[in-house]
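Here is a protein model to look at together. Keep the picture open while you read.

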Amino acid sequence: MNEVLIQAVTDRILKELGLPPALLVGKEPPESLGYRYVSQSPFEAVVIGSLTPGQLLYFRNDDVLQALDAGIPVFLYSPGLPGKDCKNPGLRNRYMSARRELKALGIQFTKETGKAHLICAKEAQRLKDRGCTPPEGARLTPLARDILDSNSTSLKGG
């Protein structure tokens with residue numbers, strides 16, 4: 001079957017479901033993070049689905065760095081990171097140092113379960129406009145939290 005057609009139909013269905021677009025870097029996470037993945041602009045967030053050991057140790061992804069510079073939230077699916085079971089203590093320390101560096105850049109790690117729905121400012125505004133609350137276990141960017149907290153209206157579960 002034509003993979004381009006299948007992808008176009010999948011993208012259309014996900015768009016109709018209202019999932020916000022996120023630029024996907026690396027492999028798609030095996031669990032839903034609450035975004036539909038795109039390969040180019042426009043997008044509301046960036047999701048790093050996986051990194052190889054070399055990518056983790058020498059992180060230099062222009063799309064991610066430009067998104068961080070523009071204030072676009074960047075999330076990393078942490079179960080997709082290498083090094084947790086590394087037997088070499090020196091290399092394991094380098095992996096841990098690289099993780100700290102990514103966090104210092106402003107990259108937000110998902111929980112190890114990977115089940116956290118990540119909500120950015122635009123999605124928070126949509127939820128607020130509909131009078132809904134974020135799904136249970138959702139992670140909010142600081143701006144999304146401010147939007148939902150501002151003019152605290154009585155929000156109903158969505």
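By class, how many nonpolar, polar and charged residues does the lining of the largest cavity have? There are six nonpolar, no polar and two charged residues in that lining. Here Ala, Val, Leu, Ile, Met, Phe, Trp, Tyr, Cys and Pro count as nonpolar, Asp, Glu, Lys and Arg as charged, and the others, Gly among them, as polar.

Before going on, a word on the source: this is a predicted model, where local features need pLDDT of at least 70 and side-chain atom pairs count only at pLDDT 80 or more, while totals for chains, interfaces and linings use all residues. Residues are numbered from 1 along each chain as its sequence is written, and side-chain values use heavy atoms, with hydrogens and water left out.

The protein chain averages 81, and 85% of the residues score at least 70. Over residues 153–158, though, pLDDT stays under 50. Where pLDDT is low, the predicted coordinates should not be read in detail.

On a 1 Å grid over the protein atoms alone, a cavity is a set of points where a 1.4 Å probe fits but cannot get out, and a pocket is an open set with protein on both sides within 12 Å along at least five of seven lines; lining residues have an atom within 4 Å of a point. Grid points are joined across faces, edges and corners, and a volume is the space filled by probe spheres set on the points.

| Space | Volume | Helices that each supply at least two lining residues |
|---|---|---|
| Largest cavity | about 30 Å³ | α2 (53–57) and α4 (89–105) |
| Largest pocket | about 290 Å³ | α5 (121–130) and α6 (142–149) |

Helices (H or I, at least four residues) and strands (E, at least two) are DSSP runs, numbered from the N terminus. In the cavity lining, α4 gives the most, with three residues. The pocket has 17 lining residues, with E44, G71, I72, P73 and C120 nearest its centre.

In the loop between β2 and β3 (45–48) you'll find P42, and the peptide bond from S41 to P42 is cis, with omega near 0°.

Methods. pLDDT is the predictor's confidence in each residue, from 0 to 100. Contact means heavy atoms within 4.5 Å.
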